[in-house]
Amino acid sequence: METYKRLFTYSRPYLLRIFSAMIFSALVGGCTGLSALLVKTVVDDIFVKQDQVMLLYIPLVVLAIIFLQGVFSFFHVYLIEHVGQRVI
(Lines give C-alpha, C1' and ligand atoms only; values in the text may rest on other atoms or scores of the structure.)
Protein backbone atom coordinates (compact mmCIF):
# COMPACT_ATOMS: atom_id res chain seq x y z
CA MET A 1 0.00 0.00 0.00
CA GLU A 2 2.89 2.31 0.73
CA THR A 3 4.19 1.84 -2.80
CA TYR A 4 0.90 3.10 -4.25
CA LYS A 5 0.94 6.17 -2.01
CA ARG A 6 4.45 6.99 -3.16
CA LEU A 7 3.49 6.43 -6.81
CA PHE A 8 0.44 8.68 -6.37
CA THR A 9 2.58 11.49 -4.99
CA TYR A 10 4.85 11.22 -8.03
CA SER A 11 1.91 11.28 -10.42
CA ARG A 12 0.11 14.18 -8.74
CA PRO A 13 1.66 16.88 -11.02
CA TYR A 14 0.33 14.95 -14.02
CA LEU A 15 -3.29 14.56 -12.95
CA LEU A 16 -4.56 16.88 -15.68
CA ARG A 17 -2.84 14.77 -18.32
CA ILE A 18 -4.16 11.57 -16.77
CA PHE A 19 -7.74 12.87 -16.75
CA SER A 20 -7.33 14.17 -20.31
CA ALA A 21 -6.16 10.72 -21.38
CA MET A 22 -9.22 9.22 -19.70
CA ILE A 23 -11.47 11.59 -21.64
CA PHE A 24 -9.75 10.70 -24.92
CA SER A 25 -10.14 7.02 -24.06
CA ALA A 26 -13.87 7.53 -23.53
CA LEU A 27 -14.06 9.33 -26.89
CA VAL A 28 -12.36 6.36 -28.58
CA GLY A 29 -14.98 4.10 -27.02
CA GLY A 30 -17.71 6.45 -28.19
CA CYS A 31 -16.40 6.31 -31.75
CA THR A 32 -16.38 2.53 -31.58
CA GLY A 33 -19.99 2.48 -30.42
CA LEU A 34 -20.90 5.03 -33.07
CA SER A 35 -19.43 2.84 -35.78
CA ALA A 36 -21.57 -0.06 -34.57
CA LEU A 37 -24.63 2.19 -34.73
CA LEU A 38 -23.61 3.20 -38.22
CA VAL A 39 -23.73 -0.43 -39.36
CA LYS A 40 -27.39 -0.53 -38.30
CA THR A 41 -28.04 2.63 -40.30
CA VAL A 42 -26.32 1.14 -43.35
CA VAL A 43 -28.41 -2.00 -43.21
CA ASP A 44 -31.70 -0.16 -42.58
CA ASP A 45 -31.34 2.78 -44.96
CA ILE A 46 -29.19 1.51 -47.79
CA PHE A 47 -30.06 -2.17 -48.05
CA VAL A 48 -33.68 -2.24 -46.87
CA LYS A 49 -34.98 1.19 -47.98
CA GLN A 50 -32.51 1.45 -50.88
CA ASP A 51 -31.88 5.12 -50.17
CA GLN A 52 -29.43 6.43 -52.79
CA VAL A 53 -28.72 9.68 -50.91
CA MET A 54 -27.53 7.83 -47.83
CA LEU A 55 -25.23 5.82 -50.09
CA LEU A 56 -23.34 9.05 -50.75
CA TYR A 57 -23.19 10.26 -47.13
CA ILE A 58 -22.42 7.06 -45.24
CA PRO A 59 -18.87 6.57 -46.63
CA LEU A 60 -18.00 10.14 -45.65
CA VAL A 61 -19.35 9.58 -42.15
CA VAL A 62 -17.39 6.32 -41.87
CA LEU A 63 -14.18 8.10 -42.87
CA ALA A 64 -14.84 10.92 -40.40
CA ILE A 65 -15.47 8.48 -37.55
CA ILE A 66 -12.33 6.48 -38.34
CA PHE A 67 -10.28 9.68 -38.56
CA LEU A 68 -11.60 10.97 -35.23
CA GLN A 69 -11.05 7.61 -33.58
CA GLY A 70 -7.44 7.64 -34.74
CA VAL A 71 -6.86 11.19 -33.47
CA PHE A 72 -8.45 10.45 -30.10
CA SER A 73 -6.48 7.21 -29.80
CA PHE A 74 -3.23 9.01 -30.62
CA PHE A 75 -3.75 11.62 -27.90
CA HIS A 76 -4.82 8.97 -25.39
CA VAL A 77 -1.69 6.89 -25.96
CA TYR A 78 0.57 9.95 -26.13
CA LEU A 79 -0.64 11.35 -22.82
CA ILE A 80 -0.52 8.02 -21.00
CA GLU A 81 2.96 7.26 -22.33
CA HIS A 82 4.15 10.75 -21.38
CA VAL A 83 2.94 10.37 -17.82
CA GLY A 84 4.31 6.85 -17.58
CA GLN A 85 7.76 7.94 -18.74
CA ARG A 86 7.85 10.90 -16.37
CA VAL A 87 6.58 9.11 -13.27
CA ILE A 88 8.62 5.93 -13.55
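Visitor: Which residue just after α2 takes a positive phi?

Guide: Gln50 does, with a phi of about 55°. This is a predicted model: local features need pLDDT of at least 70, side-chain atom pairs count only at pLDDT 80 or more, and totals for chains, interfaces and linings use all residues. Residues are numbered from 1 along each chain as its sequence is written, and side-chain values use heavy atoms, with hydrogens and water left out.

Visitor: How many helices and strands does the protein chain have?

Guide: Helices (H or I, at least four residues) and strands (E, at least two) are DSSP runs, numbered from the N terminus. The protein chain has three helices and zero strands.

Visitor: Which residues of α2 are buried, and against what do they pack?

Guide: An α-helix has 3.6 residues a turn, so residues three or four places apart point the same way. Buried means under 20% relative accessible area, exposed over 50%, partly exposed in between (1.4 Å probe, protein chains only). In α2 the buried residues include Val28, Cys31, Leu38 and Val42. Contact means heavy atoms within 4.5 Å; the buried residues of α2 pack against α3 (52–87).

Visitor: Which residues of α3 are buried?

Guide: Among them are Ile58, Ile65, Phe72 and Leu79. The buried residues of α3 pack against α1 (2–11) and α2.
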